[in-house]
Amino acid sequence: MTMATKAACVLAVWVLVASGLCDLGSARAPLGSKPQREFDYFALSLQWPGTICASTRHCCATNGCCRSEPLQTFTIHGLWPDYDDGTWPSCCRRTQFEMDKILPLKEVLDKYWPSLYCSKSGTCFSGKGLFWAHEWEKHGTCSAPVVQDELQYFTLALDLYSKYNVTEMLSSGGIQVSNGKEYALSDVIDTIKHAFGGSPQIVCKRGSIEELRLCFDKELKPRDCLTTSLANGSVSKSKHCPRYITLPTYDPLVLANSTVEIMTQFDEFDVPAALYTA
């Protein structure tokens, strides 16, 4: 075989190899875009400002804890698609948050879905950004086929929040906002279950309600939440709810005068929590 023939054969082999590599590359999904199975149910996660704002030591314009009038109703943390095994999908579609798409809702979002921290939230695709950007990119993108776009995601969360007003449910059951009055955990759960039609999840911090979650099937009908987060492994003792719990208030004027730095905002699922239902 002449040198020219050998060279031609080698070139042909490399053409075939390169072609094969190109085919493999086009067939492989992009990094981080592995499809996740469809979710099983929604959890509407609500925050109690009185508990969270008690830890605030620094104020800024974006922090709902720093408003002149204290927040005395549950506010929205997020609408989360979850699985029945205790896990959840996240960052499902590579789409960045666009504030322009939800501008018609901004006034309502500011009122009922404020950030309760000064630090920026991490997002899946946009770096650090707004609290709403985090919720849409991490959770909203996993809400199909019920939710198809950003505006629909925030509209749905606001609709569920308004229709199933937890603050009013508790008030109707004799459980009022207070700065020290204790209520039996079982009474709080039973009150929500009776008014809502499903058992809630409750997360506590130092004996006070920090978060309360209502769960819905994919037809948006109330259902029981999972009883515990056993799938998440170890549970932080600081998140356990005692037999008697409180719904504390806070004084925003005290917060405005404080100069200690705020704790960094945590990701809602990065801190293990004890979840309670009936």
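Visitor: Is aspartate 40 buried, exposed or partly exposed?
Guide: In this predicted model, aspartate 40 counts as partly exposed, at 25% relative accessibility.

Visitor: Which side chain does aspartate 40 meet in a salt bridge?
Guide: The partner is arginine 37, with an N to O distance of 3.7 Å. Arginine 37 is partly exposed as well, with a relative accessible area of 46%.

Visitor: Which residues are linked with them in a network?
Guide: Asp85 belongs to the network of salt bridges too, together with Arg37 and Asp40.

Visitor: Why would such side chains pair?
Guide: Side chains of opposite charge can pair when their charged atoms come close.

Visitor: How many salt bridges does the structure hold?
Guide: The structure holds 8 salt bridges. One of them joins glutamate 38 to lysine 218, and their closest N and O atoms are 2.6 Å apart.

Visitor: Where in the chain are those two?
Guide: They come from distant parts of the chain, 180 residues apart. Glutamate 38 is in the loop between helix H1 (3–27) and strand S1 (41–47), whereas lysine 218 is in the loop between strand S7 (208–216) and strand S8 (222–223).

Visitor: And how accessible are they?
Guide: Glutamate 38 is partly exposed, with a relative accessible area of 41%. Lysine 218 is also partly exposed, at 32% relative accessibility.

Visitor: Why does arginine 213 count as buried?
Guide: Its relative accessibility is 6%, and a residue is called buried because its value is under 20%. Arginine 213 is found in strand S7. Its side chain also makes a polar contact of 3.2 Å with the side chain of serine 45.

Visitor: New topic. Which residues does the UniProt annotation "active site" cover?
Guide: The annotation, which comes from an unreviewed UniProt entry, covers His77, Glu135 and His139. These residues span 63 residues in sequence, yet no two of their C-alpha atoms are more than 11.2 Å apart, so they gather at one spot.

Visitor: Where is histidine 77, and is it buried or exposed?
Guide: Histidine 77 lies in strand S2 (residues 75–82). It is buried, with a relative accessible area of 3%.

Visitor: And where is histidine 139?
Guide: Histidine 139 sits in the loop between helix H4 (131–138) and helix H5 (150–163). Histidine 139 is buried, its relative accessible area being 0%. A polar contact of 3.5 Å joins its side chain to that of tryptophan 80.

Visitor: What else is in the loop between H4 and H5?
Guide: Proline 145 is placed in that loop. The peptide bond leading from alanine 144 to proline 145 is cis, with omega near 10°.

Visitor: Which residues other than glycine have a positive phi?
Guide: Cysteine 91 is one of them, with a phi of about 50°. Cysteine 91 lies in the loop between S2 and helix H3 (106–112), and it is partly exposed, with a relative accessible area of 24%. Leucine 220 is another example, with phi near 65°. Leucine 220 lies in the loop between S7 and S8 and is partly exposed at 26%.

Visitor: Let us turn to helix H7. How many residues does it have?
Guide: Helix H7 (residues 185–196) has 12 residues. From its first C-alpha to its last it reaches 16 Å, close to the 16 Å expected at 1.5 Å a residue.

Visitor: Which residues of H7 are buried?
Guide: They are Leu185, Val188, Ile189, Thr191, Ile192 and Phe196. These residues cover an arc of only 160° around the axis, which puts them on the same side of H7.

Visitor: What do they pack against?
Guide: Their partners include helix H6 (166–172), strand S6 (201–205) and S7.

Visitor: What comes just after H7?
Guide: Glycine 197 follows, with a positive phi of about 100°.

Visitor: Finally, how many helices and strands does the protein chain have?
Guide: The protein chain has 8 helices and 9 strands. Of its 278 residues, 44% are buried.

Note on methods: Residues numbered from 1 in each chain as written. Predicted model: local features only at pLDDT ≥ 70, side-chain atom pairs only at ≥ 80, totals over all residues. Heavy atoms only, no water. UniProt positions renumbered as here; feature names shortened; annotations may be inferred. Helix = DSSP H or I, 4+ residues; strand = E, 2+ residues; numbered from the N terminus. Buried < 20%, exposed > 50% of the residue type's maximum accessible area, 1.4 Å probe, protein only. Polar contact = N/O pair within 3.5 Å; in protein donor to acceptor, adjacent residues only side chain to side chain. Salt bridge = Lys/Arg side-chain N within 4 Å of Asp/Glu carboxyl O. Expected span 1.5 Å × (residues − 1). Arc of directions from axis to C-beta. Contact = heavy atoms within 4.5 Å.
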